[in-house]
Amino acid sequence: MTIRVAVIGAGQMGADHASIVSHHLPGATLSVVCDVNKDSAAAIAEELGAANAADDALEVIARPDVDAVILATPDFTHAPLSIACIKAGKKVLCEKPLSQSPAECLEVMAAEQAAGEKFVQVGFMRRYDQSYVEMKNALENGTLGRALMMHNFHRNVETPIDDFTGAMAITNSAPHEFDVVRHVMGVEYAAIAAYQPTRSDSLVAPVVMVLETTDGRLATIEINNNAAYGYDVRAELVGELGSMSINNVAYTRLDACLSRSTAYDADWRTRYAQAYLRQNSDFLSFVETGVFPEIGSDSWDGYCAAVVAQTGVEALASGIKATVQMVDKPEFYA
Ligand code: ISE
């Protein structure tokens, strides 16, 4: 039986997810494209052959011809719409973040626990990128020895929206690293410090964070949303026996005119195209089998990212290292 998928949110990411469902998930059908701007939804639905376009998210979630939902709506809608999916008995792939509010993440967790099963996969797609897969495998097979530190660089060409702030570098961009460092190293965070240099212009300056884990390891994260030169995400995992680095991925090198060069991606959508395919395929399997994907991010992961992001914003504002305070992990998410 084909899985009838509704994509809610017809912006950049919604269009990308709708295209993946339509072209790359053989067991799925793009049933509905929904957006408050119905014209935007209709344009994508027509382009991709979806049967329906709509403008009411709650109505779409309740539709009997919708088996699963992908949420690519504005961040503040993610938690309430995820809860609506849980109550409707529909699995949902929720674009990151689950919420920027830890309290809202706890509400999603409470709804899942009341329903007695997981319904929410959070769209931290970096876990599916081959670079982090290989890094985690190297750690787990003992090649690196015990992990000590992980250094992370996350650079965008320019801020995605005009009124982007240093705090948003922490709440919008850094959650990818907050999640993938936890996933690769198998750690939880105890404290975070955050710093910003001063730019000579009015652009948002980078944010550099140092995170301590509950078991004595460290992570450093640089977020630079105005790197200018290219979309450049790298990392190095340092173990007691060795280290593994993630280089910027370039599938080709140009040798011409007495020079050698490789190109950067313009943004995450092309750099992580394969990771999105893997993530969305895993989500479809989750819908078909009810078995949560082994490397997928669940609502607890969404909560952890929200808590450390909120704490990081506090640390940036105060200039003082802040303690990460989380609820105990429910057995339900063990
Ligand atoms: C954006 O929202 C993403 O999720 C991208 O993966 C990230 O690189 C970018 O910095 C964010 O703004």
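At what angle do helix 8 and helix 11 pack, and how far apart are their axes? Helix 8 and helix 11 pack at an angle of about 125 degrees, with their axes 9 Å apart; axes are lines fitted to C-alpha atoms, for helices over the stretch in contact, and angles run from 0 to 180 degrees between N-to-C directions. This is a predicted model, in which local features need pLDDT of at least 70 and side-chain atom pairs count only at pLDDT 80 or more, while totals for chains, interfaces and linings use all residues. Residues are numbered from 1 along each chain as its sequence is written, and side-chain values use heavy atoms, with hydrogens and water left out.

**Overall architecture**

- The secondary structure of the protein comes to 11 helices and 15 strands; helices (H or I, at least four residues) and strands (E, at least two) are DSSP runs, numbered from the N terminus.
- The radius of gyration of the protein is 20 Å, which agrees with the value near 20 Å that a compact globule of 334 residues would have. This radius is taken over C-alpha atoms, and the globule rule is 2.2 Å times the number of residues to the power 0.38.
- Along the principal axes, the C-alpha atoms fill a box of roughly 55 × 50 × 45 Å.

- An open sheet of 6 strands has the order 3-2-1-4-5-6, with parallel pairing; two strands pair if DSSP finds at least two bridges between them.
- Strand 3 (52-54) and strand 6 (120-123) stand at the edges with a single partner strand each, so one side of each is left without a neighbour in the sheet.
- From one strand to the next, the twist averages 25 degrees.
- Strand 1 (residues 3-8) and strand 2 (residues 28-34) pair in the parallel sense over 6 bridges, and valine 5 has leucine 30 in strand 2 as its bridge partner.
- Helix 10 (residues 273-289) packs on this sheet, touching strand 1, strand 2, strand 4 (68-71), strand 5 (91-95) and strand 6. The direction of helix 10 makes about 155 degrees with that of strand 5. Contact means heavy atoms within 4.5 Å.

- Strand 7 (residues 147-155) and strand 11 (residues 232-239) run antiparallel and are joined by 8 bridges; methionine 149 has valine 238 in strand 11 as its bridge partner.
- Strand 11 and strand 12 also run antiparallel, joined by 4 bridges, and form a hairpin with 3 residues between them. Alanine 235 stands opposite isoleucine 246 in strand 12.

**Helix packing around helix 11**

- The axes of helix 7 (residues 166-173) and helix 11 come within 9 Å and cross at roughly 165 degrees. Helix 7 and helix 11 are therefore roughly antiparallel to each other: angles under 35 degrees count as roughly parallel, over 145 as roughly antiparallel, 65 to 115 as roughly perpendicular and the rest as oblique.
- Helix 7 passes helix 11 in a right-handed crossing; a crossing is left-handed if the near helix is turned anticlockwise from the far one by less than a right angle, and right-handed if clockwise.
- Gly166, Ala167, Ile170 and Thr171 of helix 7 make the contact with Ala309, Gly312, Val313 and Leu316 of helix 11.
- The residues of this contact of helix 7 with helix 11 divide into 5 nonpolar, 3 polar and no charged. Ala, Val, Leu, Ile, Met, Phe, Trp, Tyr, Cys and Pro count as nonpolar, Asp, Glu, Lys and Arg as charged, and the others, Gly among them, as polar.
- For helix 8 and helix 11, the angle of about 125 degrees makes helix 8 oblique to helix 11, and their crossing is right-handed.
- The contact joins Pro175, Phe178, Asp179 and Arg182 of helix 8 to Trp300, Asp301, Cys304, Ala305, Val308 and Ala309 of helix 11. By class, the contact of helix 8 with helix 11 has 7 nonpolar, no polar and 3 charged residues.

**Backbone geometry in loops**

- The peptide bond from lysine 96 to proline 97 is cis, with omega near -5 degrees; proline 97 lies in the loop between strand 5 and helix 5 (102-115).
- Alanine 228, in the loop between strand 10 and strand 11, has phi near 75 degrees, a positive value in a residue other than glycine.
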